[in-house]
Amino acid sequence: MTFDEIKGNDAVKRALNGMVSSGRIPHAIMFHEDDGGGAIAFCQAFLQTVIPSGRVSKMIHPDVRYVFPVAGEATAEKFLSEWRELVIKNPYFTENQLSEALGVVGKNTMIAAAEAKGILGMLALNSLEGGYKAVVIYLPEKMNPAAANRLLKALEEPSPGTLFLLVTHAPEKVLATISSRCQRIRIVPERGDTGRKEDESGVLRGIVDAMFNAVAAHDFTAMLKAGESAAALPSRDMARSFCYLASVRMRQVFLCQQGLEDLAGDDPGAAELAMKLRKTYPRKALEMLGQTDILIERNVNVKILFADLACRLYSNI
């Protein structure tokens with residue numbers, strides 16, 4: 001994957017190329033993407049620029065370590081073949097697609113302390129090719145406290161030639177002391193991203209739109225139907241993706257209410273909702289969606305959760 005192969009986000013590509021050409025590469029970069037936004041493609045393109053080796057493109061370079069959430073106390077190393085196959089085939093994969101590829105659909109996943117121990121062991125060694133040693137962390141918000149605290153020192157006092165690339169969907173959930181040590185880069189969603197699973201994202205966005213259109217119309221029956229549709233999603237990962245996309249929608253509505261339509265993106269639906277909802281509504285809705293997401297992760301019954309969510313979103317119109 002090269003920058004020329006990535007469509008859109010030209011400003012990001014210029015910034016990353018500028019870092020390399022100037023020799024001023026930060027030791028830690030955190031890419032903030034929407035689920036399926038393709039930030040891993042930017043990581044790969046950047047790595048190929050910093051470490052010019054064909055083994056980077058094949059994701060088998062000995063000086064590059066990939067970390068991602070897995071089930072239980074296992075480490076990502078156990079699933080590297082599945083990870084490579086997914087990323088090379090589709091760098092615009094979603095969280096749910098990763099869970100399917102790893103065979104952990106419906107299970108709680110995290111980045112455990114054992115993963116951090118492996119990272120620190122790798123960083124303690126000399127680079128095998130004399131260049132950078134890089135760690136790519138997908139979803140650092142899923143690091144448990146022990147893992148996050150172990151990695152913190154490596155980020156605070158990085159050894160020369162160490163590069164951390166983090167990809168997050170929820171930067172506010174990343175340990176603040178880690179986030180503050182990273183240069184933040186936003187990957188803006190591009191219309192017509194071809195790598196996504198259109199049927200999956202389309203279904204989720206359809207339910208989100210149905211729910212908030214029902215809110216705007218004060219239609220309680222439609223709200224409950226939207227909640228039932230969310231509860232019927234085939235996996236907990238997709239249910240959590242619904243909460244994430246609904247939160248993105250509320251963020252867009254909030255920005256429109258503040259007169260910041262340019263930051264909200266070119267989305268007439270968000271502007272229409274902003275006119276119909278009270279200015280306090282997005283904040284309340286975000287809190288409810290966040291609570292629901294946490295309870296889904298804790299294996300609470302999704303039918304009860306989404307029925308409750310629909311009722312609470314409706315009662316706070």
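Residues are numbered from 1 along each chain as its sequence is written, and side-chain values use heavy atoms, with hydrogens and water left out. Because the model is predicted, local features need pLDDT of at least 70 and side-chain atom pairs count only at pLDDT 80 or more, while totals for chains, interfaces and linings use all residues.

We can start with the sheet. Helices (H or I, at least four residues) and strands (E, at least two) are DSSP runs, numbered from the N terminus, and two strands pair if DSSP finds at least two bridges between them. Strands β1 (residues 28-32) and β6 (residues 162-168) are joined in the parallel sense by 5 bridges, and isoleucine 29 has leucine 165 of β6 as its bridge partner.

Helix α6 (residues 113-123) has Ala113, Glu115, Ala116, Ile119, Met122 and Leu123 as its buried residues, and their cover includes β2, β5, α7 (145-156) and β6.

Next come two helix pairs that share α15 (residues 302-315). Axes are lines fitted to C-alpha atoms, for helices over the stretch in contact, and angles run from 0 to 180 degrees between N-to-C directions. The axes of α10 (residues 220-231) and α15 come within 8 Å and cross at roughly 150°. The two helices are therefore roughly antiparallel (under 35 degrees counts as roughly parallel, over 145 as roughly antiparallel, 65 to 115 as roughly perpendicular and the rest as oblique). Contacts (heavy atoms within 4.5 Å) join α10 residues including Phe220, Met223 and Leu224 to α15 residues including Phe306, Ala310 and Tyr314. By class, this contact has 12 nonpolar, 1 polar and 1 charged residues (Ala, Val, Leu, Ile, Met, Phe, Trp, Tyr, Cys and Pro count as nonpolar, Asp, Glu, Lys and Arg as charged, and the others, Gly among them, as polar).

For α11 (residues 236-257) and α15, the axes come within 12 Å and cross at roughly 15°, which makes α11 roughly parallel to α15. Arg236, Ala239, Phe242 and Cys243 of α11 meet Val302, Phe306 and Leu309 of α15, a contact with 6 nonpolar, no polar and 1 charged residues.

Finally, glycine 106 sits in the loop between α5 (95-102) and β4 (109-110). Glycine 106 is partly exposed, at a relative accessible area of 37%. Although 129 residues separate glycine 106 from serine 235 in sequence, their C-alpha atoms are 5.7 Å apart. Not counting residues up to four places away in sequence, glycine 106 touches Arg236 and Asn299.

Terms used. Buried means under 20% relative accessible area, exposed over 50%, partly exposed in between (1.4 Å probe, protein chains only).
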